[in-house]
Amino acid sequence: MKSFNSLLGLHPSSNKLDNVIKLVDLPTNKHWGYIDENKTIHVNRKLKPHQMLETIKHEKGHKRQMSLFGNDHEPQLQFNSLYYNWKANPGGKSLRISTNQINTKSRKLPWEQDADKTLKLKNEKT
């Protein structure tokens, strides 16, 4: 009998609460994963297990950015199909960027660099 997660196409570490990780088909193997505006993490089902774990860690960095933090209790990162809102520092000004003006897959975007920095720090601790 298949597990609940297997039936729904979820990663084994996914749960029904605030940690939804879906295994999906993506256009190419160069696309490892992404997080949507509902904080659901989507991971390319064709990746090797260590690549899946690296992708999940990276996307959890974005999930942290999307959570409430600091004294102003506002997320560092917010987005939808029209724009991205990025706040580099708690209490600081937000940078609002239209999705038409950027390559949303670029690793040079400030929220991507921040998520990668968080991932590096976690890897150094373990």
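Student: What makes Ile-41, Val-43, His-42 and Asn-44 in strand 3 (residues 41-44) buried?

Tutor: Buried means under 20% relative accessible area, with exposed over 50% and partly exposed in between (1.4 Å probe, protein chains only). Ile-41 and Val-43 point one way from strand 3, His-42 and Asn-44 point the other way, and all are buried. This is a predicted model, where local features need pLDDT of at least 70, side-chain atom pairs count only at pLDDT 80 or more, and totals for chains, interfaces and linings use all residues. Residues are numbered from 1 along each chain as its sequence is written, and side-chain values use heavy atoms, with hydrogens and water left out.

Student: Why is Tyr-84 called buried?

Tutor: Its relative accessibility is 12%, so Tyr-84 counts as buried. Trp-111 is at 2% and therefore counts as buried too.

Student: What makes the pair of Tyr-84 and Trp-111 stacked?

Tutor: Rings of Phe, Tyr and Trp (its six-membered ring) pair if their centres lie within 6.5 Å; planes under 30 degrees apart count as stacked, over 60 as edge-to-face and the rest as tilted. Tyr-84 and Trp-111 are 4.7 Å apart centre to centre, with 5 degrees between the planes, which is stacked.

Student: How do you know that Arg-96 lies over the face of Tyr-83?

Tutor: A charge sits over a ring if NZ of Lys or CZ of Arg is within 6 Å of the ring centre and within 35 degrees of the ring normal. Arg-96 is at 3.6 Å from the ring centre of Tyr-83 and lies over its face.

Key
Helix = DSSP H or I, 4+ residues; strand = E, 2+ residues; numbered from the N terminus.
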